[in-house]
Amino acid sequence: MNLIAGLFNYWVVIFLMMAGFYNVIARGNLIKKLIGLNIFQTSVFLLYISMGKKEGGTAPIVAGADAVYSNPLPHVLILTAIVVGVATTAVGLALVMRIKEAYGSIEEDEIHQRDGEA
Amino acid sequence: MKERIVLRVFAKPLIPLILLFALYVQFHGDYGPGGGFQAGVIFGAALIFYALVFGLEKAQKVAPPTFLQSLTALGLLLYAGTGIASLVLGGNFLDYSVLADDAVHGQHLGILLIELGVGTTVASVIVLIFFSFAGQKQT
Amino acid sequence: MEAHLPVLLIVVPLLAAPLCVLLRHRTLTWILALLAAWTVLGMSVVVLLRVLDTGFISYALGGWAAPWGIELRIDVVNAYVLVLVALIGATVLLYAPASIAAEIPREQHYLFYTAYLLSFTGLLGITATGDAFNLFVFLEISSISSYALISLGRDRRALMASYQYLIMGTIGATFILIGVGLLYMMTGTLNMADLAVRLGPVLHTRTALVAFAFLGVGMSLKLALFPLHAWLPNAYCYAPSVVTAFLAATATKVSIYVFLRFVFTIFGADFAFAQMHLQTIIVPLALIAIFITSSVAIFQTNIKRMLAYSSLAQIGYIMLGIGLVSETGLTAAIVHLFNHALMKGALFLALGGVALRLGSVELEDMRGLGKRMPATSFAFVLGGLSLIGVPLTVGFISKWYLVLAALEQGWWPLAALVLLGSLLAFIYIWRVVEVLYFQPPPTDAPRNEAPLSMQIPMWLLLAAVVYFGASASLTAGIARKAAILLLGGAL
């Protein structure tokens, strides 16, 4: 029982990671792939933040002398990683828009077909 | 057009509040949750909200894309410039302690400046991305 | 000022990039980028000389001492790769204006130089940093700007190639992020030198093993080791010529440096090879990479794609050298890292000249090119000879050390396989040489050589190919020092 309840956050991370990864691999629609990538990255954020929590710890903002704080470093790392994820998604979406303009479709198999015909 | 009236009336007092909140988040980053990226996104969201309710052309008059591109560059230059200023004043790169007379004020000033740079760049990038996506013709 | 050189290496192109956005002028932004790149080249050479003298340079960003702050730590291995990246970045930029005038719309040229400088910054940052998470950040900076650069190609397939690279590259970088997170979980630090020390007692835990696995797969994706290489041929083939030359000579090399850093310095050769049997994974994959990709290269009609597959084979050679885990093997790998960048850079620059004059890089369009573009064809032949490993070129030096390393361990079949790989290279290079020189040109096309601004960087790199092939004491000497440092484990 402790294996599931005690490690609950890691189970969530694994579930999200595999769901996102499956979407990236199995979907043919380019935007769905990007969403899968986002879910995959979100699971990594959860991994970092849940690793930083200390029992009884509060938010890492200075609030009096003897408060117990959660580790602020993972929070900072995740802020950076979120920005990186946003930038990647933006570039990916811009590429998908250009692909739609050039090919008329955002389904991977249709695009490969049109390349083969050309 | 009737539905739009509700949105427009609603948006007019709301957008300045969102902008104000963005500035609050920007400058309270060292006292509470906040900082450059978060504030930049909220600021950008306010401008995008304006574009969604009042139309793309009006929004582009408020924030012309060429001006936004220059803002992007200026934000990054502010960040890197603060670092170079620390170099010139004798510390290492991005060592804020040398920016003012004592270390604590120097750290305050340094963080304020770089977060301002980050906020500017993020806000302008978010709005630029929206403009370039929204400006596409429907196919 | 000299104390701040490590950070100035990264900051100078980082400052030049937004200035390019503000300037908006085609030629002025090029001049600015050129100034930035050549300044970086000068600074990196100074840093290399300092490091050869003193051992390593450490720079604390923000004045916060390591391991609490982010530290830039440059030893012989980094300095070598820094000089390489700076050299390629500066040389290819000389070539850029004439090449992109034909491939990218004029209004976007200033944005091209901006993205180029940002990618350059990212690569320099990856190499100079001594902090694992900072490495991830710079890795993403360089990758995202590469995705933008690749998508600028004329062919619409450049867009799909860039998208595929984006997906695979982001998965690779996220795996590296997971690995770094797990390492942080076990040791509480992100500084590479500190990680090396604190990881020792916890290397047997499952978390460390999983971290090793995630990092290994992530880095293999980025350096295009055999099964995870699918993004490379398309990305190199459809990108603009300048971008291909720049990325082919730097991006994978820097990823190989990251691999060396994590495997040898942070985890330690002992753990990686003795306990995790990395050798049994890398050596077969490298051999498969060499043979399959060289064989596929033989059947390509698009010469850029052929050279892309050839790059995959060369990465196989480098990983083979790493897999041999001896001083000579590692020397071979590191010196081939440098040499291959020079060779491939020159070859892709030559192809860019062909693309400019002919409008295509298909083999059948290049018939009789030896008469129409004699200098470029000769450059291609020279680069090809280096790929095969003919003496007096850098390719020979790399193959020599590799064969020596295999023989040292008594692995005769491996040495024979390396020579067989050279035979395959000979086949695909000869295919092109035959078409260039021994087939008549289609119509009486006049002599139309590539412009001088494109030839000078190409000949610069080829001069380096011949010079460092004739006298390898500098490059191989530094590579040997780097190999000893890595095997010794100390940072």
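Predicted model: local features only at pLDDT ≥ 70, side-chain atom pairs only at ≥ 80, totals over all residues.
Trainee: Which element of chain A has the lowest mean pLDDT?

Mentor: Chain A as a whole has a mean pLDDT of 89, and 98% of its residues reach 70 or more. Among its elements, helix α3 (residues 30–52) has the highest mean, 94. The lowest mean, 81, belongs to helix α1 (residues 2–5) of chain A.

Trainee: Is A:Ala102 buried, partly exposed or exposed?

Mentor: A:Ala102 is found in helix α4 (residues 72–103) of chain A. A buried residue needs 20 or more other C-beta atoms within 10 Å, and an exposed one has 12 or fewer. Because A:Ala102 has 16, it is partly exposed.

Trainee: Which residues does A:Ala102 touch, not counting residues up to four places away in sequence?

Mentor: A:Ala63 is 39 residues from A:Ala102 along the chain, and their C-alpha atoms are separated by 55 Å. With residues up to four places away in sequence left out, the residues that A:Ala102 touches are C:Arg156 and C:Leu159.

Trainee: How do the residues of the side of chain B that touches chain A divide into nonpolar, polar and charged?

Mentor: In this pairing, 6 residues of chain B are in contact with 6 residues of chain A. The residues on the side of chain B divide into 3 nonpolar, 3 polar and no charged.

Trainee: Why is chain C described as being as compact as a globular protein of its length?

Mentor: Chain C has 19 helices and 2 strands. For its 491 residues the globule rule gives 23 Å, and the radius of gyration is close to that value, so chain C is as compact as a globular protein of that length. The radius of gyration of chain C is 21 Å.

Trainee: What percentage of the residues of chain C count as buried?

Mentor: The C-alpha trace of chain C spans about 75 × 60 × 40 Å along its principal axes. Among its contacts between residues at least 6 apart in sequence, 79% join residues at least 24 apart. Of the 491 residues of chain C, the share that counts as buried is 63%.

Trainee: Which helices of chain C are included in what covers the buried residues of α17(C)?

Mentor: Helix α17 (residues 412–438) of chain C reaches 37 Å from its first C-alpha to its last, close to the 39 Å expected at 1.5 Å a residue. Its buried residues include C:Leu414, C:Val418, C:Gly421 and C:Ala425. An α-helix has 3.6 residues a turn, so residues three or four places apart point the same way. The cover over the buried residues of α17(C) includes α11, α12, α14, α15 and α16 of chain C.

Notes: Residues numbered from 1 in each chain as written. Chains lettered and ligands numbered in written order. Helix = DSSP H or I, 4+ residues; strand = E, 2+ residues; numbered from the N terminus. Contact = placed C-beta atoms within 7 Å. pLDDT = per-residue confidence, 0-100. Nonpolar A, V, L, I, M, F, W, Y, C, P; charged D, E, K, R; others polar. Rg over C-alpha atoms; globule rule 2.2 N^0.38 Å. Expected span 1.5 Å × (residues − 1).
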